[in-house]
Amino acid sequence: MTRDIRRFSDAAALTVAALQAVREAAHEAVARRGRFAVALSGGSSPLALYAAMAREGYGAPFEATLFFFGDERLVPVADRRNTFGTVAPILFTPTPVPVGNIRPMPVEVRPAALAAETYEAEIREVLGAGPHEIPRFDLILLGMGPDGHTASLFPGSPALTERERLVAAVPAPTLVEPRVPRLTFTLPLLNAARRVLFLTATKGREQALAKALADAPDPAVPASLVRPGQGELTWLVAEG
């Protein structure tokens, strides 16, 4: 694993750097494999990046890009808390991305465990991985909450110890809003990525960020456990 930590004065500067990082990953992926497989993050931090990707391009043809999501809240797409429903009008509606290239998590499937299995099978099929292989995304975008969680991997969650499943159903968090059940990528899938890009701000996250960026991982800070063994890990941090 190679790790790069870059700090910026504000969110606008971070967005510029994030767009460049996405372009680099996309260029490399298309040149080597003919497609760009990316998993998007929820939350407010990456929305400016998604708008820039739609407005300015991101280094890969729309038709050669496969969009997945690293986690999702198990609420209908029309619910304002749904990540795909928030991202779609910003990134997908303004661009000619083929509908078949957009792969939201199946929030309509119940029970949640079956939804997780369904999405894992979809990832394997689309990325061409066998039942005992771990698919490798070209890029996974992540954020970090004040408690150190990333995707929907929260401190103390049993999902943190998952070694077989690539997508897990997790109960509603007790300390983080919105308090609804979720689906999330697990650490084996996150750590198989060719590149992982964290976007975060220091405000309200000082302690968690210090632990996440330390040399040794801290199980109490799930973001610190994301360390792609054969990939690149980049943290873009807005100080403002």
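Helices here are DSSP runs of H or I with at least four residues, strands are runs of E with at least two, and both are numbered from the N terminus. The model is predicted: local features need pLDDT of at least 70, side-chain atom pairs count only at pLDDT 80 or more, and totals for chains, interfaces and linings use all residues. Residues are numbered from 1 along each chain as its sequence is written, and side-chain values use heavy atoms, with hydrogens and water left out.

**Stop 1**

Select Leu19. This residue sits in helix H1. Is Leu19 buried or exposed? Leu19 is buried, with a relative accessible area of 6%. Buried means under 20% relative accessible area, exposed over 50%, and partly exposed in between (1.4 Å probe, protein chains only).

Now show what touches Leu19. Contact means heavy atoms within 4.5 Å. Beyond its neighbours within four places in sequence, Leu19 meets Leu49, Ala52, Met53, Glu56, Gly57 and Tyr58. Pick Met53: its C-alpha is 6.9 Å from that of Leu19, though 34 residues separate the two in sequence.

Select helix H2, residues 47–56. Its buried residues are Leu49, Tyr50, Ala52, Met53 and Ala54. They pack against H1, S2, S3, H3, S5 and S8. Gly57 follows H2 and has a positive phi, near 85°.

**Stop 2: the core**

A nonpolar core is a set of buried Ala, Val, Leu, Ile, Met, Phe, Trp, Tyr and Cys residues joined through side-chain atoms within 4.5 Å. The largest one here has 81 residues. Select Phe36, Leu40, Tyr58, Phe92, Phe137, Phe185 and Trp235, which have the most contacts inside it. Helix H1 (residues 11–33) gives the largest share of this core, nine residues.

Centre on Phe185. Setting aside neighbours within four places in sequence, its contacts include Ala39, Phe69, Met105, Tyr119, Phe137, Ile140 and Leu190.

**Stop 3: the sheet**

Switch to cartoon. Six strands form an open sheet in the order S1-S9-S8-S5-S2-S3, with parallel pairing. Two strands pair if DSSP finds at least two bridges between them. Strands S1 (2–8) and S3 (65–69) stand at the edges with a single partner strand each, so one side of each has no neighbour in the sheet.

Select S5 (residues 139–142) and S8 (residues 195–201). Three bridges join these parallel strands. Which residue in S8 is the bridge partner of Ile140? The partner is Val196.

**Stop 4: the largest pocket**

A pocket is found on a 1 Å grid over the protein atoms alone, as an open set of points where a 1.4 Å probe fits, with protein on both sides within 12 Å along at least five of seven lines; lining residues have an atom within 4 Å of a point. The largest pocket is lined by 27 residues. Select Gly42, Gly43, Ser44, Met144 and His149, which lie nearest its centre. Strand S4 (71–73), S5 and S8 each supply at least two lining residues. S8 gives the largest share, three residues.

**Stop 5: backbone details**

Go to Arg110 and Pro111. A cis peptide bond joins them, with omega about 0°. Pro111 lies in the loop between helix H3 (83–92) and H4.

Next, Glu177 and Pro178. This pair also has a cis peptide bond, with omega about -5°. Pro178 is in the loop between strand S6 (167–170) and strand S7 (182–185).

Finish at Ala151, in the loop between S5 and S6. Its phi is near 50°, a positive value in a residue other than glycine. Ala151 is buried, with a relative accessible area of 13%.
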